[in-house]
Amino acid sequence: RNLPPFSAEFHVCYLRELKLGDRVHVTSQLIDMDEKRFHFYQELHHEDGWVSATGEGLGLHIDMSGPRVAPMPDDVLAKMRGVFDTHAALPRPERVGRRIGIPRKG
């Protein structure tokens with residue numbers, strides 16, 4: 001039995017505080033994918049145009065009969081590839097691929 005994808009990794013960056021009642025919208029971009037995995041990026045935008053937070057994740061398609069990572073069903077894969085082909089024309093977001101760590105001097 002196939003279920004929705006699982007999150008293998010997700011990074012959130014909080015950039016600017018939102019206030020109760022602020023109007024926001026989310027953008028999502030599919031950065032990369034194969035038959036089992038997909039890399040995506042999201043931004044939370046305030047109605048005035050600034051970005052409040054970003055999220056970057058790696059999703060896995062899981063076959064729960066294992067459970068194990070498995071190829072997506074053909075219809076799901078075709079839809080994901082359609083989105084990926086469209087998003088391939090978009091510029092790569094500046095914050096994609098950020099590393100986590102503690103910078104050390106010299």
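A nonpolar core is a set of buried Ala, Val, Leu, Ile, Met, Phe, Trp, Tyr and Cys residues joined through side-chain atoms within 4.5 Å, where buried means under 20% relative accessible area, with a 1.4 Å probe and protein chains only.

The structure is a predicted model, in which local features need pLDDT of at least 70 and side-chain atom pairs count only at pLDDT 80 or more, while totals for chains, interfaces and linings use all residues. Residues are numbered from 1 along each chain as its sequence is written, and side-chain values use heavy atoms, with hydrogens and water left out. The predictor's confidence in each residue, pLDDT, runs from 0 to 100; its mean over the chain is 93, and 96% of the residues reach 70 or more.

The chain has 6 strands and 1 helix, in the order β-β-β-β-β-β-α from the N terminus. These elements are DSSP runs numbered from the N terminus: helices are H or I with at least four residues, and strands are E with at least two.

Four strands form an open sheet with antiparallel pairing, in the order β1-β4-β3-β2. Its edge strands, β1 (6–14) and β2, each pair on one side only. From one strand to the next, the twist averages 15 degrees. Two strands count as paired if DSSP finds at least two bridges between them. Strands β3 (residues 37–46) and β4 (residues 51–60) are antiparallel and share 9 bridges; His 45 has Val 51 in β4 as its bridge partner.

Helix α1 (residues 74–87) lies across β2 and β3 and runs at about 105 degrees to β2. For such angles, axes are lines fitted to C-alpha atoms, for helices over the stretch in contact, and the angles run from 0 to 180 degrees between N-to-C directions.

The largest nonpolar core has 7 residues: Leu 30, Met 33, Phe 38, Phe 40, Met 72, Leu 77 and Met 80. Contact means heavy atoms within 4.5 Å. Apart from neighbours within four places in sequence, Met 80 is in contact with Leu 30, Met 33, Phe 38 and Met 72.

Over the whole chain, 28% of the 106 residues are buried. Of the contacts with a separation of 6 or more, 59% are between residues 24 or more positions apart.

Notes: Buried < 20%, exposed > 50% of the residue type's maximum accessible area, 1.4 Å probe, protein only.
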